[in-house]
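Hi,

Here is the structure for you to look over. My notes follow below it.

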Amino acid sequence: MDKEVKIIISADNGEWNRAELDAIRLKGLNPVIVEKNGKEIVYKTKEEKPQIVMMNLFMADIDALEVMQTISNDNSINKPIFIVTS
């Protein structure tokens, strides 16, 4: 069995519908939706250990650049691939 590929996606409620998430699952990804909040993304990255984090550049609390820096500086977190949108 292939290793599960987990992706954290920052999104507002209702921004991603069921069909879109099902399409992602069909590609072999396990999506985890997290609110658009940088601190929450850091927390969920530590908790969920995703291979990919997709987030907006500008978010509440801290922006994507600070999220990437925080995660990169924390040796206890596996380093995911970051996708940043604006």
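Angles under 35 degrees count as roughly parallel, over 145 as roughly antiparallel, 65 to 115 as roughly perpendicular, and the rest as oblique. This is a predicted model: local features need pLDDT of at least 70, side-chain atom pairs count only at pLDDT 80 or more, and totals for chains, interfaces and linings use all residues. Residues are numbered from 1 along each chain as its sequence is written, and side-chain values use heavy atoms, without hydrogens and water.

Helices (H or I, at least four residues) and strands (E, at least two) are DSSP runs, numbered from the N terminus.

H2 (residues 38–48) packs with H3 (residues 64–73) at about 30 degrees, axes 9 Å apart. Axes are lines fitted to C-alpha atoms, for helices over the stretch in contact; angles run from 0 to 180 degrees between N-to-C directions. H2 and H3 are therefore roughly parallel. Gly38, Ile41, Val42 and Thr45 of H2 meet Val67, Thr70 and Ile71 of H3 (contact means heavy atoms within 4.5 Å).

Thr45 is buried, at 1% relative accessible area (buried is under 20%, exposed over 50%, partly exposed in between; 1.4 Å probe, protein chains only). Beyond four places in sequence, its contacts include Ile8, Val53 and Ile77.

Next, the sheet. It is open, with 4 strands in the order S2-S1-S3-S4 and parallel pairing. Pairing takes at least two DSSP bridges. The edge strands are S2 (29–34) and S4 (81–85). S1 (residues 5–10) and S2 share 6 bridges; one pairs Ser10 with Val34.

Best wishes
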